[in-house]
Amino acid sequence: MIKIEPSNLPLWSDPEEPQHDCRYNYLPYDGEVNYFGPIMDAVTAALYEQVLLEQIAWQHDQALIFGRALTTKRKVAWYGDRAFSYTYSNMTKTALPWTAELLQLKAWVECVSGEQFNSCLLNLYHRGEEGMAWHSDAERDLKKNGAIASLSFGAERVFAFKHKRTHEKVQLELATGSLLMMKGITQSHWLHRLPPTKKVFAPRINLTFRMIEAQSAEGVEPISS
Ligand SMILES: O=C(O)CCC(=O)C(=O)O
Ligand SMILES: [Mn+2]
């Protein structure tokens, strides 16, 4: 099994790779989306992808739609500081304790973004035909207008936004090892999705670091990793 030491975490400074201006806001109004591009080199990203594939307690996602339980091809996992419960698509999940590698990635994302997170939802898309439908991450368990950090590994995929009222669309491609930040009122005004594609055959893993609201943490036992 591959073990990544914290000292391997690189500061991103490869002049060969394109740099992204993380101050640029991809949304024209009603929110803030910043793309940092890769925040680690490609070798480190590939190591993390392998470790995450092997170590995460992946499970098929379940959604309750119009009273029917549906199982997705995509797999998911939910980790956090405590055994937080998180409800979306009418299903409740309980967070597992952080793995060492997830804690390294959380620390690195917090360092780069300047934001703090207490939990992480992971998605594994085995190939391009697996995606995620239009939604916003505004469940009541989440801190209102809290920042969400999206870290991607593996196949490059398109990520799209659609304004809830005007239906204006914005899309960008998320590279391996890259960080995307969604901030402020973004979730109130914009939906996002990962469109399925017939052009991608390799897997992709996405981690969204989130902040579960303080009151949801009350009475929840701390868990150790
Ligand atoms: O896979 C992605 O890039 C996005 C995942 C997502 O939107 C979510 O987990 O809520
Ligand atoms: Mn989302």
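Me: Which helices and strands make up the protein chain, and how many are there?

Reply: The secondary structure comes to four helices and 14 strands. Helices (H or I, at least four residues) and strands (E, at least two) are DSSP runs, numbered from the N terminus. This is a predicted model, where local features need pLDDT of at least 70, side-chain atom pairs count only at pLDDT 80 or more, and totals for chains, interfaces and linings use all residues. Residues are numbered from 1 along each chain as its sequence is written, while chains are lettered from A and ligands numbered from 1 in the order in which they are written.

Me: Which residues of H2 are buried?

Reply: A residue is buried if 20 or more other C-beta atoms, placed from the backbone, lie within 10 Å of its own. In H2 these are Leu-102, Leu-105, Lys-106, Trp-108, Val-109 and Ser-113. They cover an arc of only 165° around the axis, so they sit on the same side of H2; the arc is that of the directions from the helix axis to the C-beta atoms.

Me: Why do residues three or four places apart point the same way?

Reply: An α-helix has 3.6 residues a turn, so residues three or four places apart point the same way.

Me: What comes after H2?

Reply: Gly-114 follows, and its phi is positive, near 75°.

Me: Which residues are around ligand 1?

Reply: Look for a C-beta atom, placed from the backbone, within 6 Å of the molecule. The residues around ligand 1 include Asp-137, His-192 and Asn-206. S7, strand S13 (190-194) and S14 each give two or more residues to this shell.

Conventions
A residue is buried if 20 or more other C-beta atoms lie within 10 Å of its own, exposed if 12 or fewer, and partly exposed in between; C-beta atoms are placed from the backbone.
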